[in-house]
Amino acid sequence: MSQDHISKIAVELWSARIPGLGRFAEHHWLVITKDAVADRWEVWQTQGQCKSSWAYLHRNLMHPSSGVGNGPGRMIHCWKDDDAGYQGDCTGNHGLKTTFSM
């Protein structure tokens, strides 16, 4: 297989302080970027909050780097290419078109 067909992938762990509980609690989510297309995956307290949700699991509820109401989001860690491959492949595309271009 040529190098042109190998996907570039990154999996980022993000965090932001939760409104009202910011001194004690943080919300975490994953941003998976594959071939320059980013998807934010997170568990939210209310189900069905966007078109691409499965109960409490949401895909692209907010912009990949947005906080959750108590300040900005911040990246905690980033895995790239081989280190990110398993996490990124687990989510798949599922035929949804609600992605963010980076």
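Helices (H or I, at least four residues) and strands (E, at least two) are DSSP runs, numbered from the N terminus. With that settled, hello everyone, and let's start at S53.

A word on the model: it is a predicted one, where local features need pLDDT of at least 70 and side-chain atom pairs count only at pLDDT 80 or more, while totals for chains, interfaces and linings use all residues. Residues are numbered from 1 along each chain as its sequence is written, and side-chain values use heavy atoms, with hydrogens and water left out.

So, S53. You will find S53 in strand β4, residues 53–54. Is S53 buried or exposed? S53 counts as buried, because its relative accessibility is 18%; buried means under 20% relative accessible area, exposed over 50%, and partly exposed in between, with a 1.4 Å probe and protein chains only. If we set aside neighbours within four places in sequence, S53 touches G48 and H58, where contact means heavy atoms within 4.5 Å.

Now to W54, which is also in strand β4. W54 counts as partly exposed, since its relative accessibility is 38%.

How many aromatic pairs does a search of the whole structure find? The answer is two. For the terms: rings of Phe, Tyr and Trp (its six-membered ring) pair if their centres lie within 6.5 Å, and planes under 30 degrees apart count as stacked, over 60 as edge-to-face and the rest as tilted.

W14 sits in strand β1 (residues 9–17) and W29 in strand β2 (residues 26–34), so the pair ties together parts 15 residues apart in sequence. W14 is buried because its relative accessibility is 11%, and W29 is buried as well, with a relative accessible area of 2%.

Then we have W41 and W54, a stacked aromatic pair with 5.7 Å centre to centre and 15° between the planes. Why does this pair tie together parts that are 13 residues apart in sequence? Because W41 lies in strand β3 (residues 37–43) and W54 in strand β4. Within this pair, W41 counts as buried at 9% relative accessibility, whereas W54 is partly exposed at 38%.

That's my tour, so over to you for discussion!
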